[in-house]
Amino acid sequence: MEEKTVNIDIRKDLFGANEDAAALNAAKFKEHGIKVFDIMGSVGTGKTQLIEALCDLIADDHKILMLAGDLATRIDADRVSSHGVDTVQINTGTACHLDARMVKVALNEIPLSDYDVMFIENVGNLICPAGYSLGAMKKVVVVSVTEGPYMVRKHPLTIKRADMIVINKIDLAQALEFDVDALVRDVREVDADIPVLKISAKTGEGVRELAKQLGI
Ligand SMILES: Nc1nc2c(ncn2[C@@H]2O[C@H](COP(=O)(O)OP(=O)(O)OP(=O)(O)O)[C@@H](O)[C@H]2O)c(=O)[nH]1
Ligand SMILES: [Mg+2]
């Protein structure tokens, strides 16, 4: 049988309303002087662990807010909260990503000018969140060595829409015979200029450099 591939083109205007809401969020964040980072990635890549590591690193001289997106629980918000960080939970129910309106509603009562930095943990998913800007200063995509070697090549749009790629769990690379540099090359194939950082949120390797590159 002939081999056939069908490419689906999602219409741009589907996302137009979200982009407008994201621009309003971004303006509000700027007005209140808060640096906001949208942390995206598949389930289990280490988004929460990374946020915990960043919080530990900068908590002495930054007031931090964490906004957690999760289908049903506040497990991640509670983990970050145990580091003395204020948290807001959004339970999305069936939605596989946060959107700008959800973020706006969740932050309605929050005095944003009390905070210097906000980490938004998006719903664990490497596909859906990339299509929905939230108004963050930077979109950080976390991939890790435990998901197999193809996740960058299989998700080029997510990589294209990101501002920074973090390759996490490098402490496990040798045991898993995972070629981290090959993954970096895959990223480069999609975007020659995007910053790529190799880190271990668990051991802390590379986390300080990441904070530096995020400007926090
Ligand atoms: N060895 C190692 N384990 C890690 C690292 N980062 C995270 N983990 C572990 O990986 C598992 C998942 O980490 P989480 O931080 O919960 O991942 P997540 O991306 O927030 O997951 P979801 O919120 O469920 O999408 C946990 O058991 C972490 O302890 C790392 O750098 N090295
Ligand atoms: Mg998490």
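Biologist: Which atom of ligand 1 is 2.7 Å from an N or O atom in the side chain of Thr48?

Modeller: An oxygen atom of ligand 1. A polar contact is a pair of N or O atoms within 3.5 Å; within protein, one of the two must be able to donate a hydrogen and the other to accept it, and residues adjacent in sequence count only if both atoms are side-chain atoms. At 2.7 Å the Thr48 pair is therefore a polar contact. An oxygen atom of ligand 1 also lies 2.7 Å from a polar side-chain atom of Arg79, and an oxygen atom of ligand 1 is 3.2 Å from a polar backbone atom of Thr45.

This is a predicted model, in which local features need pLDDT of at least 70, side-chain atom pairs count only at pLDDT 80 or more, and totals for chains, interfaces and linings use all residues. Residues are numbered from 1 along each chain as its sequence is written, chains are lettered from A and ligands numbered from 1 in the order in which they are written, and side-chain values use heavy atoms, with hydrogens and water left out.

Biologist: How many residues surround ligand 1, and which are the closest?

Modeller: There are 19 of them, and the closest are Lys47, Thr48, Gln49, Arg79 and Asp171. A residue counts as near when one of its heavy atoms lies within 4 Å of the molecule or strand in question.

Biologist: What coordinates the magnesium ion (ligand 2)?

Modeller: Thr48 through OG1, Asp76 through OD and Glu121 through OE, at 2.0 to 2.2 Å. Donors are N, O and S atoms within 2.8 Å of the metal, or 3.2 Å for Na, K and Ca, so these atoms qualify. Water is not among the atoms, so sites may look incomplete. Along the chain the donors follow the spacing T-x27-D-x44-E. Thr48, in helix 2 (residues 47-58), and Glu121, in strand 4 (residues 117-121), are 73 residues apart, a link between distant parts of the chain. Helices are DSSP runs of H or I with at least four residues, strands are runs of E with at least two, and both are numbered from the N terminus.

Biologist: Why is Asp76 called buried?

Modeller: Buried means under 20% relative accessible area, exposed means over 50%, and partly exposed lies in between, with a 1.4 Å probe and protein chains only. Asp76 has 14%, so it counts as buried. Thr48 and Glu121 are both buried as well.

Biologist: What makes the meeting of Arg79 and Glu52 a salt bridge?

Modeller: A salt bridge is a side-chain nitrogen of Lys or Arg within 4 Å of a carboxyl oxygen of Asp or Glu. For Arg79 and Glu52 the distance from N to O is 3.1 Å, so the pair qualifies. Arg79 in helix 3 (residues 75-81) and Glu52 in helix 2 are 27 residues apart, and their pairing links distant parts of the chain. Arg79 is partly exposed at 31%, whereas Glu52 is buried at 13%. The rule gives six salt bridges.

Biologist: Which other salt bridge does Arg79 form, and at what distance?

Modeller: One with Asp76, at 3.7 Å from N to O. Asp76 and Arg79 are three residues apart in helix 3, about one helical turn.

Biologist: Which residue forms a salt bridge with Lys212?

Modeller: Glu209, the closest N and O atoms being 4.0 Å apart. Both lie in helix 8 (residues 207-214), separated by three residues, about one turn. Lys212 is exposed at 62%, and Glu209 is partly exposed at 34%. As for shared partners, salt bridges join Glu52, Asp76 and Arg79 into one network.

Biologist: Which residues of helix 7 (residues 180-190) are buried?

Modeller: Val180, Leu183, Val184, Asp186 and Val187. They span an arc of only 155° around the axis, so they are on the same side of helix 7; the arc is taken from the directions from the helix axis to the C-beta atoms. The face turned away from that side carries the exposed residues Arg185 and Glu189.

Biologist: What makes Asp179 a cap of helix 7?

Modeller: A side-chain oxygen of Asp179 lies 3.2 Å from the backbone nitrogen of Asp181, at the N-terminal end of helix 7.
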